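I opened the notebook to record what I looked up in this structure. The entries follow in the order in which I made them.

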Amino acid sequence: MKDNDGILALLQDIKEMLFGLALLLAGIVLCLVGAAVNGGLGILLVVVGFIVAVAGISYVHHGYTHHEVVEKQD
């Protein structure tokens, strides 16, 4: 069972990176739509988009640096 721990950690990291990329893309789209819309709604969309993009960057960074899989030679 110990042999699968590295694979599970790697899959968790990949999941976090994909989720972070999805959040980052959604934040960029929200910022672009907010820039195209005039008024208070546009400003709100830009602020929400920026927060979502920062959260996405955080998830990508956490997934990229979180685990290290080391192969042992028997």
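How many helices and how many strands does the secondary structure of the protein chain come to? I noted two helices and zero strands; helices (H or I, at least four residues) and strands (E, at least two) are DSSP runs, numbered from the N terminus.

Basis of the entries. I worked from a predicted model, in which local features need pLDDT of at least 70, side-chain atom pairs count only at pLDDT 80 or more, and totals for chains, interfaces and linings use all residues. Residues are numbered from 1 along each chain as its sequence is written, and side-chain values use heavy atoms, with hydrogens and water left out.

Entry 1, the helix pair. Two packed helices are described by the angle between their axes and the distance between the axes. I found that helix H1 (residues 5-36) packs with helix H2 (residues 40-65) at an angle of about 160°, the axes being 7 Å apart. Axes are lines fitted to C-alpha atoms, for helices over the stretch in contact, and angles run from 0 to 180 degrees between N-to-C directions. H1 and H2 are therefore roughly antiparallel to each other (angles under 35 degrees count as roughly parallel, over 145 as roughly antiparallel, 65 to 115 as roughly perpendicular and the rest as oblique). By class, I recorded 21 nonpolar, eight polar and two charged residues in the contact of H1 with H2. Ala, Val, Leu, Ile, Met, Phe, Trp, Tyr, Cys and Pro count as nonpolar, Asp, Glu, Lys and Arg as charged, and the others, Gly among them, as polar.

I located Gly 27 in helix H1. Gly 27 counts as buried because its relative accessibility is 0% (buried means under 20% relative accessible area, exposed over 50%, partly exposed in between, with a 1.4 Å probe and protein chains only). Beyond its neighbours within four places in sequence, Gly 27 is in contact (heavy atoms within 4.5 Å) with Gly 49, Val 52 and Ala 53.
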